[in-house]
Amino acid sequence: KESEQNDLLKRLKAGLGSHVKDLVAQLDSRLHEEEGEWNFYLRLDKKEYVSNRKMVLTDGGNCLHVRLTLAVFPMKREAANVLVRKLFAPAPKKSI
């Protein structure tokens, strides 16, 4: 469901906090085309998440693998790149 997907993305962004910038900076190495689909990958430290419910990015070891399959048209790297940047963009500040 779309609402569940949106909830997952919100939790992921909130859990990663300032590390979201690291994800976007590493976009090229995390974005892969496989079998006609664009996927965005990240790894979370498993021990930190299980013990403390803290989302910490890691490059390997004992980790949770997260794959986000992106629905983009046209099926080009540029479109996938734009979507990932949009998904992980900072939330707009609300004015009072």
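Reader: In which strand is Asn39 found?
Author: This is a predicted model, in which local features need pLDDT of at least 70 and side-chain atom pairs count only at pLDDT 80 or more, while totals for chains, interfaces and linings use all residues. Residues are numbered from 1 along each chain as its sequence is written, and side-chain values use heavy atoms, with hydrogens and water left out. Helices (H or I, at least four residues) and strands (E, at least two) are DSSP runs numbered from the N terminus. On that basis, Asn39 belongs to the run of residues 37-45, strand β2.

Reader: Is Asn39 buried or exposed, and at what relative accessibility?
Author: With a 1.4 Å probe and protein chains only, buried means under 20% relative accessible area, exposed means over 50%, and partly exposed lies in between. Asn39 therefore counts as buried, its relative accessibility being 2%.

Reader: Which residue's side chain does Asn39 join in a polar contact?
Author: A polar contact is a pair of N or O atoms within 3.5 Å; within protein, one must be able to donate a hydrogen and the other to accept it, and residues adjacent in sequence count only if both atoms are side-chain atoms. Taking contact to mean heavy atoms within 4.5 Å, and leaving aside neighbours within four places in sequence, Asn39 is in contact with residues including Arg30, Leu31, Arg67 and Leu68. The polar contact, at 3.1 Å, joins the side chain of Asn39 to that of Glu34.

Reader: Over how many bridges do β1 and β2 pair?
Author: Two strands pair if DSSP finds at least two bridges between them. In this arrangement Glu34 stands opposite Glu37 in β2. The sense of the pairing between β1 and β2 is antiparallel, and the number of bridges is four.

Reader: What phi does Glu35 take in the hairpin of β1 and β2?
Author: Glu35 is found in the loop between β1 (31-34) and β2, and is exposed because its relative accessible area is 84%. The hairpin has two residues between the strands. Although Glu35 is not a glycine, its phi is positive, at about 50°.

Reader: Which residue in β3 is the bridge partner of Phe40?
Author: The strands β2 and β3 pair in the antiparallel sense over eight bridges. Within β3, Phe40 has as its bridge partner Leu68.

Reader: What is the angle between the planes of Phe40 and Phe88?
Author: Rings of Phe, Tyr and Trp (its six-membered ring) pair if their centres lie within 6.5 Å, and planes under 30 degrees apart count as stacked, over 60 as edge-to-face and the rest as tilted. By this rule the count is one aromatic pair. Phe40 and Phe88 form that tilted pair, with 5.8 Å from centre to centre and, between the planes, 40°.

Reader: How many residues apart in sequence are the parts that the pair of Phe40 and Phe88 ties together?
Author: Phe40 is buried, with a relative accessible area of 1%, and Phe88 is likewise buried, at 4% relative accessibility. Phe40 lies in strand β2 and Phe88 in the segment after α5, so the separation of the parts tied together is 48 residues.

Reader: What distance separates the C-alpha atoms of Glu37 and Ala80?
Author: Glu37 lies in strand β2 and counts as partly exposed, at 38% relative accessibility. Not counting residues up to four places away in sequence, Glu37 touches His32, Thr69 and Met75. Glu37 and Ala80 are 43 residues apart along the chain, and their C-alpha atoms are separated by 9.7 Å.
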